[in-house]
Amino acid sequence: MENFFDDILLHYKEGTQSLKEHLPKVTEGYFDFTEAAFEDGSIDKKHKQLIALGISIYAQDEYCIIYHMKGAVVNGASKEEVLEAIGISSALGGGAAFAQAVTLALDAYDHFANKKE
């Protein structure tokens, strides 16, 4: 599973490029919107990524779990902060969110944290 997480992000980027070829305005509008949403503001990028991670776990969106875990790590989230976000998401999302959290999310954290070092 060493390249699993990187492969998933590449797959997402390739799909995005394919959609952009057919619907450039929609794709560009979506990314303009999301980039603006994740800019530093009253809430910094790290905390925005942790919020998005928690929502992704709750929604059981595997691509977003990986994407926002990477964003959280890149923006300086500690393992303790990630674990607290996982706890909150699991408290609201029940067993299904918990299962995503203790498997995919934690594996993604370990992958991106180890890449960073």
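Modeller: The answer begins with the chain as a whole and then turns to the pocket and its surroundings.

This is a predicted model, in which local features need pLDDT of at least 70 and side-chain atom pairs count only at pLDDT 80 or more, while totals for chains, interfaces and linings use all residues. Residues are numbered from 1 along each chain as its sequence is written, and side-chain values use heavy atoms, with hydrogens and water left out.

The chain holds 5 helices and 0 strands (DSSP runs numbered from the N terminus: H or I of at least four residues for helices, E of at least two for strands). From the N terminus, the order of elements is therefore written α-α-α-α-α. Along the principal axes, the C-alpha atoms of the chain fill a box of roughly 40 × 35 × 30 Å. Of its 117 residues, 33% count as buried (under 20% relative accessible area with a 1.4 Å probe and protein chains only; over 50% is exposed, and in between is partly exposed). Among contacts (heavy atoms within 4.5 Å) with a separation of 6 or more, 65% join residues 24 or more positions apart.

The largest pocket contains about 520 Å³ of space. A pocket is an open set of points on a 1 Å grid over the protein atoms alone, with protein on both sides within 12 Å along at least five of seven lines, whereas in a cavity a 1.4 Å probe fits but cannot get out; lining residues have an atom within 4 Å of a point. Points are joined across faces, edges and corners, and the volume is the space filled by probe spheres set on them.

H4 provides the largest share, 7 residues. By class, the lining has 9 nonpolar, 5 polar and 4 charged residues (nonpolar: Ala, Val, Leu, Ile, Met, Phe, Trp, Tyr, Cys and Pro; charged: Asp, Glu, Lys and Arg; polar: the others, Gly among them).

Gln49 counts as buried because its relative accessibility is 9%. Beyond its neighbours within four places in sequence, Gln49 is in contact with Phe38, His68, Gly71, Ala72 and Asn75.

The structure has 4 aromatic pairs (rings of Phe, Tyr and Trp, its six-membered ring, with centres within 6.5 Å; planes under 30 degrees apart are stacked, over 60 edge-to-face, the rest tilted). One of them joins Tyr12 and Tyr67 in a tilted arrangement, 5.9 Å centre to centre with 50° between the planes. Tyr12 lies in helix H1 and Tyr67 in helix H4, so this pair ties together parts that are 55 residues apart in sequence. Tyr12 is partly exposed at 30% relative accessible area, and Tyr67 is partly exposed at 41%. Another pair, Tyr30 and Phe31, is edge-to-face, with 5.2 Å between centres and 80° between planes. Tyr30 is partly exposed at 45%, as is Phe31 at 23%.

Helix H4 also holds Met69, which is buried with a relative accessible area of 0%. Not counting residues up to four places away in sequence, Met69 touches Leu53, Cys64, Val82, Ala105, Ala108, Tyr109 and Phe112.
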